[in-house]
Amino acid sequence: MSFSYYGSFSQCGTAPTAGTTQITNTNTIVNSYYQGTANAVKGTTSVSVGTLDVRGSATALSSGDMVLIIQMQGADLNTSNNDTYGDGVAGGSASGYLTSNLVAGSYEYNVVSGISGGTITLGAPLSHNYYARAFTSSAGIQTFQVIRIQREYNLTIKNGQSITAPDWNGSTGGVVVLEVANQLTFGNASSAVTVDGKGFRGGGGKSFTTGAPS
């Protein structure tokens with residue numbers, strides 16, 4: 001398992017220096033999830049998450065918490081019924097996406113410095129833009145979420161127990177984020193952290209049949 005930061009450690013606050021938490025139940029949810037409800041602009045410190053309705057862990061977001069901001073959806077396609085489908089390139093292979101409108105996958109860590117209503121103030125300026133846009137006939141959906149991270153010094157996931165996330169519901173979920181400053185111990189490495197079936201739905205399929213040739 002790998003763990004990486006985007007940005008400097010200084011914008012991620014102070015990690016705990018003692019203590020051990022043990023996970024003793026299956027499908028334990030340690031993160032809290034908030035839907036981004038308006039565009040968040042690179043270089044600013046403000047993120048709108050509506051009324052702060054929490055999903056996931058019962059631990060609500062508060063000042064000093066470490067968060068992950070992640071763009072979940074945002075990849076527009078040309079849907080013309082010809083060989084420009086996908087990336088918009090005529091004469092191509094009708095595949096790919098419009099790179100100028102690809103925003104999905106951006107993420108960064110930050111620390112909450114304050115909360116007022118549905119507005120989170122961050123301790124450091126955003127390194128990316130984040131977009132919230134409903135689907136229309138001319139533009140695809142764009143969604144991002146803010147995830148509260150439970151910070152641990154030592155974390156032990158007991159044998160047979162596990163950490164998971166709530167199902168992705170189109171707004172939040174589908175992601176597990178852990179921060180362990182010292183030692184992370186798995187009782188069963190193959191299933192200690194699992195999000196099987198928790199992410200995006202698979203693409204729909206169609207079955208076509210034809211009559212016998214005459």
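This report describes the strands, nonpolar cores, salt bridges and selected residues of a predicted model.

Seven strands make up an open sheet with antiparallel pairing, arranged in the order β4-β8-β7-β6-β9-β3-β5. At its edges stand β4 (46-48) and β5 (55-56), each of which pairs on one side only. Within this sheet, β6 and β7 are joined in the antiparallel sense over five bridges.

Strand β10 (residues 151-157) pairs with β12 in the parallel sense over six bridges, and N154 stands opposite Q183 in β12.

**Nonpolar cores**

The largest nonpolar core consists of 14 residues, and V47, I69 and V146 have the most contacts inside it. At least two residues of this core come from each of β6 (66-73), β8 (119-122) and β9 (143-149). Another core lies apart from it and has 13 residues, including Y33, M72, I147 and V175.

The surroundings of V47 can be given in detail. When neighbours within four places in sequence are left aside, V47 is in contact with A40, G118, T119, I120, L122, L126, F144 and V146.

**Salt bridges**

The model has three salt bridges, listed below with the distance between nitrogen and oxygen.

| Residue pair | N to O distance |
|---|---|
| R148 and D65 | 2.9 Å |
| R151 and E179 | 2.7 Å |
| K198 and D167 | 3.2 Å |

In the bridge between R148 and D65, R148 belongs to strand β9 and D65 to the loop between β5 and β6, so the pair ties together parts that are 83 residues apart in sequence. R148 has a relative accessible area of 8% and is buried; D65, at 11%, is buried as well.

In the bridge between R151 and E179, distant parts of the chain are linked: R151 is in strand β10 and E179 in strand β12, 28 residues apart. Both R151 and E179 are buried.

The bridge between K198 and D167 also links distant parts of the chain, with K198 in the segment after β12 and D167 in the loop between β11 and β12, 31 residues apart. K198 is partly exposed at a relative accessible area of 22%, and D167 is partly exposed at 40%.

**Two loop residues**

Q161 is found in the loop between β10 and β11 (163-164). Its relative accessibility is 19%; because buried means under 20%, Q161 counts as buried. The side chain of Q161 reaches the backbone nitrogen of T26 at 3.0 Å, and a polar atom of that side chain lies 3.5 Å from the backbone nitrogen of N25. Not counting residues up to four places away in sequence, Q161 touches I23, T24, N25, T26, S191 and A192.

G117 is placed in the loop between β7 (107-116) and β8. Its relative accessibility is 58%; because exposed means over 50%, G117 counts as exposed. The C-alpha atoms of G117 and T51 are separated by 6.4 Å, although these residues are 66 residues apart along the chain.

Methods: Residues are numbered from 1 along each chain as its sequence is written. This is a predicted model: local features need pLDDT of at least 70, side-chain atom pairs count only at pLDDT 80 or more; totals for chains, interfaces and linings use all residues. Side-chain values use heavy atoms; hydrogens and water are left out. A nonpolar core is a set of buried Ala, Val, Leu, Ile, Met, Phe, Trp, Tyr and Cys residues joined through side-chain atoms within 4.5 Å. Buried means under 20% relative accessible area, exposed over 50%, partly exposed in between (1.4 Å probe, protein chains only). Helices (H or I, at least four residues) and strands (E, at least two) are DSSP runs, numbered from the N terminus. Contact means heavy atoms within 4.5 Å. Two strands pair if DSSP finds at least two bridges between them. A polar contact is a pair of N or O atoms within 3.5 Å; within protein, one must be able to donate a hydrogen and the other to accept it, and residues adjacent in sequence count only if both atoms are side-chain atoms. A salt bridge is a side-chain nitrogen of Lys or Arg within 4 Å of a carboxyl oxygen of Asp or Glu.
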